[in-house]
Structure formats: C-alpha cells, structure tokens
Amino acid sequence: MFADAWPLAILAILLAWPVPVVLARAAWPKRHPRAAIALWQAVGVAGGLSLIGAPLAIGVAPLDGHLRTGLVELSRDALRFRVPEALGLGQEIAFAFAGVLAIRLVGVTLLSAFRIERDLRRQRNAVDLTAEHADRQLRVLEHAAPAAYCLPGTRPRIVITEGTISALAPDELEAVLAHERAHARWRHELVVQPFVAWESALPLPPAHRATAAVTALVEMLADDHAVRSSGRPALARALVAIGGTAGPVPNQRAAGAPSGLTTTAPTPTLDRVHRLVRAVAVTGRERLVGPAAWLAAVLLVAGPTWFVLR
Ligand SMILES: [Zn+2]
C-alpha cells in the first residue's frame with residue numbers, strides 16, 4: 001500500500017538531518033569546493049522532492065502504492081469533481097501538508113529572489129552615485145575602513161574603499177579584486193540565493209547548515225580563482241591585512257545590508273587563510289573524492305525523481 005511512501009519518507013528524514021550534519025563536518029569539501037556545492041544542491045533538491053513526495057505518496061496510497069499512478073488516478077477523479085471514497089481524513093491531512101510545503105517553498109523562493117534583486121539594484125545605483133568609477137565595474141568609495149565586495153547581477157559592480165587601497169600592496173589588491181571578479185563573473189549569487197531562500201522558507205538547523213556551508217564554499221571557489229592569477233601568498237596576506245571584509249558574500253546578507261561597508265565574509269577569515277597557507281596537493285584516493293561527490297549528487301536527484309516518474 002505504501003510502496004513509494006516509505007522510501008521517500010526515509011530519504012526525507014536522512015536528508016533533513018544526518019546527511020547535512022555529516023556533510024557540514026566533512027573536511028574534503030575544502031579541497032573539492034565545486035563538487036561539494038553540487039552535492040549540497042542535490043541534497044536541497046532531493047530533500048525538497050522527498051519532503052513533498054512522501055506525504056503525497058501517503059495520500060494516494062489507498063488508490064495506488066506508486067506515487068505517479070496514484071496521482072494520475074487522483075487527477076482523473078479531480079477532473080470529474082469527485083473525491084475518491086478510499087480517501088479519509090489522514091490522506092487529506094497528508095495532501096494539505098504537501099500542498100502547504102510546496103506553496104511555501106516556491107513562494108518564499110520567488111519572494112526572496114525578488115527582494116534580493118531589488119536590494120542589489122538599489123545598492124548598485126547607490127554606489128554608482130556616490131563612488132568614483134575606476135572602470136566599467138570597479139567603484140572606489142571614499143572611506144577609511146577597509147572593505148571589498150561584489151554587488152552581483154547582469155551588470156555587477158565591484159566595490160572597494162580607499163582604506164583597502166592604502167592597506168594593501170599592489171599584488172594583494174589585485175588578489176582581492178580577482179576574488180571579487182570571480183564572484184561577479186561566475187554569478188556565485190545564483191548558487192547561494194536558493195539556499196538563502198530555502199532557509200527563509202524552512203528556518204531549521206539543516207537549512208542553516210546548508211547556507212553556511214555553501215556560502216563558505218563559494219568563498220573558497222573565488223579564492224581559488226584569485227590564487228590562479230595572484231598566487232596564494234598575496235591573497236593570504238590581503239586577507240590578514242583587511243580581515244573579514246575581503247570577501248563579502250553575494251547573498252541576501254550582502255544585498256540586504258544598508259551599506260556594503262557593514263558586510264563581512266561569513267567564512268571565518270582564519271579558515272580561509274589556513275586553507276591558502278596549508279594547501280596540499282590532491283593525490284591518490286583523494287582524487288576520486290570529487291568525481292564520487294558528483295556521482296552522489298546525480299544519484300540523489302535521480303532517486304526521488306525516479307519515484308515520481310516510474
Ligand atoms: Zn568573496
């Protein structure tokens with residue numbers, strides 16, 4: 001009777017608690033940030049699908065043990081404005097739970113994306129009016145406090161203060177700018193924003209862990225881009241010199257802040273400096289970790305999708 005409901009419910013529980021805890025504590029994501037981000041995205045998508053799919057499967061179970069065929073049967077009755085006799089209060093509660101959850105996830109995600117874009121547009125306009133235009137993207141604010149951040153979008157701005165310029169050597173400044181340009185070029189905000197939205201929709205510990213982890217991983221990706229052009233020592237020295245203000249996150253916190261000067265990188269700067277200074281070459285079995293994470297991500301999304309489509 002509950003052929004699809006049990007696996008989906010078990011998957012939803014696993015992805016809601018133990019999997020995020022284990023993934024957040026793992027050390028390998030620091031060496032494979034891109035694969036780790038893909039795995040977090042898969043955890044989010046599969047978690048959402050199974051969280052909505054499990055109550056739906058429970059709801060249609062009296063009609064059919066399989067989710068897809070049960071939903072088809074239910075829609076046939078719905079089109080005839082008929083409620084199947086086999087459905088009772090328990091099934092109605094399950095449908096209501098799935099419906100509220102789906103509407104909340106989609107609604108809050110859209111609302112959050114709209115608010116973030118609106119706030120970013122305001123901030124881009126504000127720096128265009130108040131800062132010196134160093135080039136098409138770069139804006140220099142007349143402020144003594146060191147800060148550098150990206151206001152992402154289709155026409156991104158990279159903002160630094162005069163305090164940053166005076167605090168850094170030329171190669172360190174270039175490293176900081178390369179970090180921010182990586183955020184802008186690779187649209188890192190599109191990676192982080194869904195997690196911020198999901199955290200708003202479901203403000204629970206797994207969502208907090210996912211957002212914190214993905215935000216940190218995006219900083220590592222931008223650091224890796226900066227290292228390729230400027231080298232590890234220059235970026236590490238820059239991070240030490242200007243502290244946590246070197247890499248504001250391209251997400252709601254940055255977008256929602258009244259001034260970019262108040263935003264700071266959520267990733268502890270010391271962690272990023274350690275990662276740069278203690279970087280070890282990925283060798284042997286460690287090389288397999290990245291591909292294994294990508295494979296796990298694909299399987300995670302394919303699992304609940306298969307339950308829906310089979
Ligand atoms: Zn950054």
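Modeller: First a term: helices (H or I, at least four residues) and strands (E, at least two) are DSSP runs, numbered from the N terminus. This is a predicted model, in which local features need pLDDT of at least 70 and side-chain atom pairs count only at pLDDT 80 or more, while totals for chains, interfaces and linings use all residues. Residues are numbered from 1 along each chain as its sequence is written, and side-chain values use heavy atoms, with hydrogens and water left out.

Biologist: Which residue just after H10 takes a positive phi?

Modeller: Helix H10 covers residues 232–242. The positive phi, about 65°, comes just after H10 and belongs to Gly 243.

Biologist: Which helices do the buried residues of H10 pack against?

Modeller: Buried means under 20% relative accessible area, exposed over 50%, and partly exposed in between (1.4 Å probe, protein chains only). In H10 the buried residues include Leu 235, Leu 239 and Ile 242. Contact means heavy atoms within 4.5 Å. The buried residues of H10 pack against H6 (162–167), H7 (170–185), H9 (205–230) and H12 (269–277).

Biologist: Which residues are the protein donors of the zinc ion?

Modeller: Donors are N, O and S atoms within 2.8 Å of the metal (3.2 Å for Na, K and Ca); water is not among the atoms, so sites may look incomplete. The spacing of the donor residues in sequence is H-x3-H-x35-E. At 2.0 to 2.1 Å from the zinc ion, the protein donors are His 179 (NE2), His 183 (NE2) and Glu 219 (OE).

Biologist: How many residues apart are His 183 and Glu 219?

Modeller: Both His 183 and Glu 219 are buried. His 183 is in helix H7 and Glu 219 in helix H9, so the pair links distant parts of the chain, at a separation of 36 residues.

Biologist: Is His 32 buried or exposed?

Modeller: His 32 is in the loop between helix H2 (18–25) and helix H3 (33–60). Leaving out residues up to four places away in sequence, His 32 touches Val 282, Glu 286, Val 289 and Gly 290. Because the relative accessibility of His 32 is 12%, it counts as buried.

Biologist: What is the accessible area of the nonpolar patch of Trp 6, Ile 10 and Leu 14?

Modeller: Accessible areas come from the Shrake-Rupley method with a 1.4 Å probe, and for residues only the protein chains shown count as cover. Ile 10, in helix H1 (residues 5–16), counts as partly exposed because its relative accessibility is 47%. Together the three residues have an accessible area of about 330 Å².

Biologist: How far apart are the end C-alpha atoms of residues 35–58?

Modeller: An unreviewed UniProt entry lists residues 35–58 under "transmembrane region"; UniProt positions are given in the numbering used here, feature names are shortened, and annotations may be inferred rather than shown by experiment. The span is 100% helix and 0% strand, and its end C-alpha atoms are separated by 34 Å.

Biologist: What share of the chain is buried?

Modeller: The chain has 13 helices and four strands. Its C-alpha atoms fill a box of roughly 75 × 50 × 25 Å along the principal axes. Of the 310 residues in the chain, the buried share is 48%.

Notes:
Patch = residues over 30% accessible without salt bridge, like charges linked within 9 Å, V, L, I, M, F, W, Y side chains within 5 Å. Salt bridge = Lys/Arg side-chain N within 4 Å of Asp/Glu carboxyl O.
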